[in-house]
Amino acid sequence: MAALARSVLVTGSNRGIGLELVRQLAASPQAPQHIFATCRDPDGPRGKALRELSAQHPSIRLVQLDTVDLPSIRRAVQVVESCLEGQGLNLLVNNAGIGSHATLQSVDSQEMLAAFATNVVGPLQVAKEFLPLLEKAAKGAQTTRLSCSRAVIVNVSSKVGSIGLCLGVLEAPMYPYRASKAAQNMVTRCLAAELRDKGILCTAIHPGWVKMDMGTEQAPMTVERSVQGILAVLGSLSQETSGAFLDWEGNSLPW
């Protein structure tokens, strides 16, 4: 079985889904040559698990990247470009995000703005700044098919951001989180439409309700199972799934 991609970058990789993505990618029999594990403070207390993981796998490179800080993103691009030595970046996973359970009674403008900065503006800025490396990978690929072995942007989304499912998902209103994920989904659709002709596939993936900080221990699924599913879906991405909204099992979700 061929490697999913030669090079992968994951944002928010110090915990939860991001950390498990890095773990499973590195442990794969056909691991990527370069796994760029990024987070805001890889040298701080919250980066401990990621540092321990990287010590076990030479393919993992820790990179400081704060998705709401443009100079930080640009420094990360320089580090990644240097490591790739003339090659492009095949797979960008915009995983970093923040949650919120604010109700109509408790929500305020600052919480809304913070959610939009991290969940919408952040992924868009990261995609924009890494676009030259993604374009380089797409142009240098030995295939014209859209896939992770060529160039892909994945935005980790949530079905609670689905407008079509809104009345059917019995969750708290979570105004900042749900509205920001709906906006992120539109960003994904716009990216897919604009970048398809450049050979770059863009898609949104709902990881399921997962046992972790954001999903809480009440969630029914382990992060290990979610990431196994996500990686299987990533391996199946093609022209037909560019601009799609999929769950961790590959099922299409309504926008």
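Residues are numbered from 1 along each chain as its sequence is written. Because the model is predicted, local features need pLDDT of at least 70 and side-chain atom pairs count only at pLDDT 80 or more, while totals for chains, interfaces and linings use all residues; side-chain values use heavy atoms, with hydrogens and water left out.

**Stop 1: the cores**

Select Leu21, Val22, Leu91, Leu234 and Leu237. Of the 37 residues in the largest nonpolar core, these touch the most other members. Such a core is a set of buried Ala, Val, Leu, Ile, Met, Phe, Trp, Tyr and Cys residues joined through side-chain atoms within 4.5 Å; buried means under 20% relative accessible area, exposed over 50%, and partly exposed in between (1.4 Å probe, protein chains only). Elements giving two or more residues to this core include strand 1 (7-10), helix 1 (16-27), strand 4 (91-94) and helix 6 (223-236). Helices (H or I, at least four residues) and strands (E, at least two) are DSSP runs numbered from the N terminus.

Now centre on Leu234. Leaving aside residues up to four places away in sequence, Leu234 touches Leu4, Leu91, Cys148, Val154 and Ile205, where contact means heavy atoms within 4.5 Å.

Another core lies apart from the largest one; its 27 residues include Val80, Leu92, Leu195 and Ile200.

**Stop 2**

Select 175-195. Helix 5 has 21 residues and reaches 30 Å from its first C-alpha to its last, close to the 30 Å expected at 1.5 Å a residue (1.5 Å times one less than the number of residues). Its buried residues, among them Tyr177, Gln184, Val187 and Leu191, pack against helix 4 (109-140), strand 5, strand 6 and strand 7 (245-247).

**Stop 3: two positive phi values**

Most residues other than glycine have a negative phi. Go to Glu85, in the loop between helix 3 (70-84) and strand 4. Glu85 has a positive phi of about 50° and is exposed, at 68% relative accessible area.

Finish at Met174, in the loop between strand 5 and helix 5. Met174 has a positive phi of about 45° and is buried, at 7%.
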